[in-house]
Amino acid sequence: MTRHKEDEMEPLPSGAKLWDLRLYVAGQTPKSVAALANLKKLCEEHLAGRYRVEVIDLVENPQLARTDQILAIPTLVRRLPEPMRKIIGDLSNQERVLVGLDVRPRG
Amino acid sequence: MDSSSHEGIRKAPTGIPGLDEITAGGLPAGRPTLICGSAGCGKTLMAMEFLVRGASDLGEPGVFVTFEELPEELTDNVRSLGFDLQDLESRGLLLLEHIHVERSEIEETGDYDLEGLFIRLGFAIDSIGARRIVLDTLEALFGGLANEAILRAELRRLFRWLKDRGMTAVITGERGESTLTRQGLEEYISDCVIVLDHRVIDQLATRRLRVVKYRGTLHGTNEYPFLIDERGIEVLPITSMGLSHEASSERISGGVGGLDEMLGGKGYYRGSSVLVSGRAGTGKSSLAAHFVDAACRRGERSIYFAFEESQSQVVRNMRSIGLDLQPWLDQGLLRFHAARPTLRGLERHLVSMYKQVRDLQPRVVVIDPVTNFLSVGSPDEVKAMLMRLIDYLKSHQITALFNSLTHSLDLETTDVAVSSLMDTWLLLREVELDGGRKRLITVVKSRGMAHSHQVRELLLTNRGVELVDVRSEVGAESRTEGRR
């Protein structure tokens, strides 16, 4: 019934890392609009050509809030590479997002 | 309890025996109620019973949101209370919603809200048309989210949202150091707050409930003991004053003609408690057997709690004085419950007695002897236990006879502690008189009636117990030593 981070995926060949990202929003709120803009900018600057962003509006698909265990809006989920990570907020602090996504090493 | 509470407060019955009486009808309908207490106090079970009763008996489907336990665990845990959650779920009356919060998986950057939570709750509520919801326990959110300012603002919004949707909600919370809940949830819930407590003092484990706040309703402010067993939760009155069970004016026979005569000619009051004290062999059990025999003859069910002898011993001994209890056992009017006090704590005994009473719903009970509890508890603890038992029995209009076995020569000392709880106190003594031994009976007290102050002789004949006036010479009639 609940599902978190156990999706089985084929391991990708090293060097060909794909960043599969999902942004959960609830309607066109200022926070959601800001988050999407911040995310696009970050991806273009740091992950150009190797990312995919899917925006999911929970107002339209409320059942996905359950299956993907989403509470906060906006929530960014890194589905790939594994392990899954969640970053909540409008993603305004780019440095923290980069660390949170492991684009940039921690510390 | 005052049921003429303020107008305008609709009540959602919990269906939990006792709780609806204390709260004059249930929880505030369409509003949130906080149930808090330390770990293991029973708050999850109480919240669950509120939902289950609502769903199965009151036509109000419910959503149980669990932040900690998995739905499978929850389903297993409440099966022991007789709740079949899978059945309710399959009938669309109940929905278990597991919300998983794990801080280690979550990074926070910038502004956010908990709209995802609202969407989930809304979706769950709408999918079964829920009228009730439980959030168990919201405090898990504080462990999962770092921004407390956002969280608190969102909680405030959540409670408003639940009210706007007309949901009767139960929010559980863990007891804090100096606050009712660790995260101060009581700040947000002003309508009704119930505190549960599970104390273990020496061997006496006691669950208690207190309504600390109920806006617009006069509520009992005492601490009420409650039980959790395979029938769910039952809240028990703590004092006879707390709940208004009326003192009955009906009189019932104690089964011995001469005794009824001493008790104003009519016997015991229905729903009263009777103490029969005396040393071994003075005829206490025989009086008790007459008492249940008389009840069974009236067609009333009775329970004999035997803490010294087994059922077969009691039946055999009574047969020797011409009293046959076996037919009542066969007809299911009489039930024996024999146990050794040393095997269980006082609380367990109390619970098991409550359970028997709930199950058979007798009109009379015998506890023989109550003094055996002194081996597992102090006199004060035994007295506290008896007080609770008596209040429970009184509230159900059950007449109870307690035998007290005294050992010392000073007959009355061990009874002093419990006699104040009793409405009627019979004292049995054995004296040597004219070269023979005689059993004597006196009515030490009997509230609300003009009782005899005479000392009478108690005879164990082969036609049962007979009371006669004390004569100076020893009677030569046939006499059976009933007990040994």
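In helix H1 of chain A, the residues Lys31(A), Ser32(A), Ala35(A), Asn38(A) and Leu39(A) are buried, a residue being called buried if 20 or more other C-beta atoms, placed from the backbone, lie within 10 Å of its own, exposed if 12 or fewer do, and partly exposed in between. Because these residues cover an arc of only 130 degrees around the axis, they lie on the same side of H1(A), where the arc is that of the directions from the helix axis to the C-beta atoms. The face turned away from this buried side carries the exposed residues Pro30(A), Lys41(A), Glu44(A) and Glu45(A).

The model is predicted, and local features need a pLDDT of at least 70, side-chain atom pairs count only at pLDDT 80 or more, and totals for chains, interfaces and linings use all residues. Residues are numbered from 1 along each chain as its sequence is written, while chains are lettered from A and ligands numbered from 1 in the order in which they are written.

**Chain A**

Chain A holds three helices and four strands, and along its sequence they follow the pattern β-α-β-α-β-β-α; helices (H or I, at least four residues) and strands (E, at least two) are DSSP runs, numbered from the N terminus. Helix H1(A), residues 30–46, has 17 residues and reaches 24 Å from its first C-alpha to its last, close to the 24 Å expected at 1.5 Å a residue, the expected span being 1.5 Å times one less than the number of residues. Its buried residues pack against strand E1 (19–25), E2, strand E3 (75–80) and helix H3 (94–100) of chain A, with contact meaning that the C-beta atoms of two residues, placed from the backbone, lie within 7 Å. Of the 107 residues in chain A, 32% are buried. The mean pLDDT of the chain is 84, and 83% of its residues reach 70 or more, pLDDT being the predictor's confidence in each residue, from 0 to 100; over residues 1–13 of chain A, however, pLDDT stays under 50.

**Where the chains meet**

An open sheet of five strands has the order E2(A)-E1(A)-E3(A)-E4(A)-E6(B), with mixed pairing, two strands being paired if DSSP finds at least two bridges between them. Its edge strands, each of which pairs on one side only, are E2 (51–57) of chain A and E6 (106–108) of chain B. In total, 21 residues of chain B are in contact with 30 residues of chain A. On the side of chain B that touches chain A, E6 and helix H5 (115–128) are the elements that give two or more residues, and the largest share, six residues, comes from H5(B).

**Parallel strand pairs**

| Strand pair | Bridges | Residues facing each other |
|---|---|---|
| E4(A) and E6(B) | three | Lys86(A) and Ile106(B) |
| E4(B) and E5(B) | five | Gly62(B) and Leu94(B) |
| E16(B) and E17(B) | five | Ser302(B) and Leu334(B) |

**Chain B**

Four of the five residues of strand E5(B), residues 94–98, are buried, so this strand is largely enclosed by the rest of the structure. Elsewhere in chain B, nine strands form an open sheet in the order E17-E16-E18-E19-E15-E20-E21-E22-E23, again with mixed pairing. Its edge strands are E17 (334–338) and E23 (464–469) of chain B, and neighbouring strands are turned by 25 degrees against each other on average, direction ignored. Helix H9(B), residues 284–297, packs on this sheet, and its direction makes about 165 degrees with that of E18(B); axes are lines fitted to C-alpha atoms, for helices over the stretch in contact, and angles run from 0 to 180 degrees between N-to-C directions.
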